[in-house]
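Visitor: Please bring up the model. I would like to go through it by question and answer.

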Amino acid sequence: MLKAVILIGGPQKGTRFRPLSFEVPKPLFPVAGVPMLQHHIEACAKVPNMKEILLIGFYQPNEELARFLVNAQQQFKISIRYLQEYAALGTGGGIYHFRDQIVSGSPEAFFVLNADVCSAFPLTEMLKFQKEHGEPNSFVILGTTANRKQSLNYGCIVANEETNEVQHYVEKPSTFVSDIINCGIYLFHPDIFKHIGAVFQKNQQDMLLYPYDGEEPNNGWHRAEHIRLEQDIFTALAGQGKLYVYKTLGFWSQIKSAGSAIYASRLYLNQYHTSHPERLATNKEGSPKIIGNVYIHPTANIDPTAMLGPNVSVGMGVTIGAGVRVRESIILHNATLQDHCCVLNSIVGWESTIGKWARVEGTPSDPNPNDPYAKIDSETLFREGKLTPSITILGCNVSIPSEVIILNSIVLPHKDLNRSFKTKSSSSTASQDCF
Ligand SMILES: Nc1nc2c(ncn2[C@@H]2O[C@H](COP(=O)(O)OP(=O)(O)O[C@H]3O[C@H](CO)[C@@H](O)[C@H](O)[C@@H]3O)[C@@H](O)[C@H]2O)c(=O)[nH]1
């Protein structure tokens with residue numbers, strides 16, 4: 001039997017997702033109409049012989065997470081549990097801490113998935129590849145091709161062209177190493193815990209040898225248990241005949257910033273043609289005009305003269321008035337878009353209202369369409385003290401009056417704006433406003 005672990009991180013993570021991550025833990029943010037994590041769970045639940053999915057993170061258990069778990073268990077008929085780390089233990093420390101739970105029932109292998117990626121999740125292909133390559137206890141990393149410049153933002157893998165054995169692994173190198181990058185999706189044999197255990201033992205010994213961190217006694221136990229899969233394990237395993245890369249041509253992207261959530265939505269909406277055609281809206285008599293891929297929650301109330309798409313997701317209880325135009329945007333639950341407003345490249349927060357004839361617009365941060373290996377740049381919100389121009393985000397319960405323009409802006413939750421706000425130009429570079 002098989003298991004899967006999803007690394008969901010915790011509240012200190014997801015800072016590039018603010019202000020949206022104030023309202024909902026980032027892994028539950030809706031992408032293409034369902035929580036980000038649900039795409040992972042659906043993919044895991046489809047793998048034959050999958051017995052359990054464990055979410056590991058350092059969020060305090062909360063109502064939203066609990067509700068999500070109950071619903072997902074009912075929907076996918078599989079055991080799904082949340083295991084909370086007492087502190088951020090790193091990508092390897094969390095699975096090591098909960099190793100007894102992972103190996104209980106003796107799974108022959110288990111997947112580990114970063115929560116903040118969007119992918120076609122070729123998990124059965126990884127299993128097949130693992131059986132066909134290397135020794136039976138080998139470990140597999142999912143890899144994809146990036147361009148030279150962007151590869152530096154990821155784990156980089158040098159592999160034997162014929163066997164696909166990983167010969168060299170460098171996490172976020174400062175100079176070019178390889179254009180094959182780590183997708184943050186792994187298939188492990190339980191033997192991985194021997195390797196993580198060896199790092200833990202070494203960390204413990206170091207802690208006894210150096211019990212002080214400067215003047216202060218260091219928090220030894222936590223320090224010993226903090227283990228990174230990438231730097232501490234993969235780098236050491238490379239070249240040992242144990243680590244292999246399965247290269248995928250399927251879609252893949254990180255979801256770090258809110259801008260990348262719109263891009264990820266586009267990728268998943270496109271996948272719905274084969275995986276969930278019922279989730280895609282179609283043009284019907286008496287329904288709004290649909291262009292390209294659009295998701296509409298069944299409880300949304302949309303005027304038939306509105307025009308939506310491509311790449312639009314409309315959440316639960318949303319109201320969209322006459323003549324409204326929405327493109328490349330995510331409209332979160334219970335938002336109201338009044339008649340004739342226009343929303344482009346934006347995320348409209350929960351319970352927000354956009355007045356009549358208002359225009360809310362952002363700048364897309366899509367990867368270069370002329371480069372087949374380009375990835376989305378998940379910039380930090382601020383560069384040199386200025387917000388980087390990106391999509392417009394309205395936090396929850398924001399009110400935009402009628403007939404104003406909001407351009408390239410981030411509006412914090414619960415704001416009532418009373419005039420237009422636009423991109424400012426300072427010298428030749430554009431900046432973004434944050435209210
Ligand atoms: N449970 C838990 N999860 C964690 C922790 N730290 C990070 N995570 C989760 O692990 C994933 C990776 O997080 P980061 O540490 O932010 O790494 P990264 O910059 O995204 O890089 C990783 O992913 C890239 C692909 O997206 C890889 O290319 C790269 O090599 C690396 O694995 C995220 O889903 C995050 O929530 C932790 O202490 N505990």
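Guide: Helices (H or I, at least four residues) and strands (E, at least two) are DSSP runs, numbered from the N terminus. This is a predicted model: local features need pLDDT of at least 70, side-chain atom pairs count only at pLDDT 80 or more, and totals for chains, interfaces and linings use all residues. Residue numbers start from 1 along each chain as its sequence is written.

Visitor: Which element gives the most to the shell around the ligand?
Guide: The ligand is surrounded by 26 residues (C-beta atom, placed from the backbone, within 6 Å). Strand 1 (2-9), strand 4 (50-57), helix 4 (90-97) and strand 11 (180-188) each supply at least two of the shell residues. With four residues, the top contributor is strand 11.

Visitor: How do helix 8 and helix 10 lie to each other, roughly perpendicular or oblique?
Guide: Helix 8 (residues 192-209) packs on helix 10 (residues 229-237) at about 120 degrees; axes are lines fitted to C-alpha atoms over the stretch in contact, and angles run from 0 to 180 degrees between N-to-C directions. Under 35 degrees counts as roughly parallel, over 145 as roughly antiparallel, 65 to 115 as roughly perpendicular and the rest as oblique. The two helices are therefore oblique.
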